[in-house]
Amino acid sequence: MTHEIIISGFGGQGVLSMGKILAYSGLMEDKEVTWMPAYGPEQRGGTANVTVIVSDEPVSSPILSSYDTAIVLNQPSLEKFEPKVKPGGTLIYDGYGINVPPTRKDIHVYRIDAMDKAAEMNMIKVFNMIVLGGLLKVHPIVSIESVLKALRKTLPERHHHLIPMNEEAIRLGMDIIREQ
Amino acid sequence: MAEKEITLMKGNEAIAHAAIRCGCDGYFGYPITPQSEVLETLAAEKPWETTGMVVLQAESEVASINMVYGGAASGKRVMTSSSSPGISLMQEGISYMAGAELPALIVNVSRGGPGLGTIQPSQADYFQTVKGGGHGDYRLITLAPASVQEMADFVDLAFELAFRYRNPAMILSDGAIGQMMEKVVLPPFKPRRTEEEIAKECPWATTGRIGMRKPNIITSLELRSEEMEIINLRIQAKYREIEEKEVRFEEYMTDDAEYLIVAFGSAARIAKKVIAIAREQGMKVGLLRPITLWPFPTRRIAELGKKVKGILSLEINAGQMVEDIRLAVECKVPVQWYGRLGGIIPEPEEVVEQLKKMTL
């Protein structure tokens with residue numbers, strides 16, 4: 001089983017780190033993983049995206065033209081990646097700032113209002129983990145336990161007290177994601 | 001046996017970790033995207049406190065390569081890394097090292113050119129790397145990693161080859177392999193060689209003259225043409241030996257292949273995806289991935305050329321390696337090129353379309 005995912009949004013939204021946590025969680029389950037960032041002169045407020053591939057087999061191309069799942073967190077990303085979801089694939093979008101919602105009927109479209117929820121609950125720093133929770137509800141590519149294990153491995157010890165907040169964010173994301 | 005250390009890291013980080021672990025004595029470099037993580041990782045790891053490895057940010061690429069020359073002249077395992085424009089600046093030093101027969105490692109995490117170009121991945125430095133780059137009749141032993149694991153593995157291999165043949169070696173990678181993160185098992189720690197070991201293994205090195213031995217002189221200068229020809233002939237004989245013994249490549253699904261893709265580095269990764277899609281559509285395609293770009297797997301490509309109906313050279317450049325493939329098969333089978341330029345990476349589907357045109 002191979003899952004090819006693109007995560008795209010504004011720089012500063014935690015797109016790259018969300019991809020990194022997902023890749024690391026795959027590693028915790030002995031899966032093959034590749035994390036390929038668009039590493040142009042990205043900056044806060046600009047666009048950022050990352051391709052994450054989690055697979056049971058060695059990963060071939062780290063660069064793809066179509067995806068099983070696209071997670072889009074702003075309008076430009078939606079416009080760019082909605083057409084690149086494979087038929088029957090999944091599109092997850094955050095409704096915040098989306099003026100023109102997705103229109104495709106041959107894919108599964110999910111909406112997650114993570115930005116609004118994060119602001120409401122004062123959890124803006126773990127916004128990306130709310131989105132990750134939404135993804136894992138739709139596609140349990142890795143278990144929550146593996147994500148927590150990955151966080152313990154990648155976060156410096158002085159930040160380990162933040163792990164429960166991350167877990168809460170993942171579970172919140174699982175609750176609020178809705179199929180359109 | 002200790003459990004293998006599996007970790008997730010960028011290709012550039014893997015280069016740095018592998019250098020510390022393979023007993024590298026010194027790294028001299030100057031930052032440039034997309035390879036700055038090499039120097040950053042070394043600075044963060046502080047190997048000078050553990051293995052004693054020197055890490056120095058030089059004032060320029062020209063300074064870096066000449067520091068490498070100096071370190072190599074004393075028999076030390078020394079290296080530098082840069083990206084395309086920086087590697088261009090180093091060409092004089094590289095030619096001097098080839099002329100003085102100095103072993104060293106140069107890593108090029110290449111980006112799109114010409115000129116300052118772009119910071120996105122490119123394989124447009126193939127000609128520069130395997131055909132010279134600097135002046136004079138010389139060659140660089142060139143390894144082309146296609147994964148983060150190979151970024152780690154090829155550091156020690158490059159040093160081994162460089163010292164075996166007293167010749168600079170290059171790892172030719174690109175921004176995609178440098179920036180992407182994958183699983184990697186880092187090599188085990190190997191201690192740096194002691195001064196005594198260096199003196200024994202490198203009797204040519206300027207390690208300090210003991211007793212009455214003849215002074216060792218490291219130079220690429222010889223003004224007497226008769227002598228210079230002898231030196232050149234000796235270097236050429238060494239190159240022929242390398243071509244005989246050190247060719248490395250990977251074959252993938254070539255057994256029943258009617259068409260062959262030849263691709264290296266990140267293009268070879270794309271090629272594997274292309275092959276998966278093409279085979280689903282009934283096209284029997286295989287891959288030959290040169291691991292050493294010089295020496296080039298000429299003989300094997302010639303053999304495969306007799307079995308297939310056509311060869312596609314997939315490169316992230318305007319068609320450079322395609323010339324070596326045509327030479328290898330002596331134009332007895334059609335050889336086409338496909339690639340993208342300026343930092344654009346070809347997507348698997350567009351390569352499949354190209355293959356379809358070939359197979360019609």
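Visitor: Hi! What should I know before looking?

Guide: Residues are numbered from 1 along each chain as its sequence is written, and chains are lettered from A, with ligands numbered from 1, in the order in which they are written. The model is predicted: local features need pLDDT of at least 70, side-chain atom pairs count only at pLDDT 80 or more, and totals for chains, interfaces and linings use all residues.

Visitor: In what sense do β5 and β7 of chain B pair?

Guide: Parallel, over 7 bridges, with β5 at residues 104-110 and β7 at residues 168-174. Ile106(B) stands opposite Met170(B) in β7(B).

Visitor: New topic: which residues of helix α14(B) are buried?

Guide: Pro348(B), Val351(B) and Leu355(B) are. They lie on the same side of α14(B), because they cover an arc of only 60° around the axis; that arc is taken from the directions from the helix axis to the C-beta atoms. A residue is buried if 20 or more other C-beta atoms lie within 10 Å of its own, exposed if 12 or fewer, and partly exposed in between, with C-beta atoms placed from the backbone.

Visitor: So what's on the face turned away from the buried side?

Guide: There you find the exposed residues Glu353(B), Lys356(B) and Lys357(B).

Visitor: Now the two chains. How many residues of chain A are in contact with chain B?

Guide: 18 residues of chain A are in contact with 20 residues of chain B, where contact puts the C-beta atoms, placed from the backbone, within 7 Å. β2(A) gives the largest share of chain A's side, 6 residues.

Visitor: Does β2(A) pair in the parallel or the antiparallel sense with β8 of chain B?

Guide: Antiparallel, over 2 bridges, with β8 at residues 181-185. Thr34(A) stands opposite Glu182(B) in β8(B).

Visitor: Last one: how many of the 14 residues of α1(A) are buried?

Guide: 13 of them, so α1(A) is mostly covered.

Terms used. Two strands pair if DSSP finds at least two bridges between them. Helices (H or I, at least four residues) and strands (E, at least two) are DSSP runs, numbered from the N terminus. Two residues are in contact if their C-beta atoms, placed from the backbone, lie within 7 Å.
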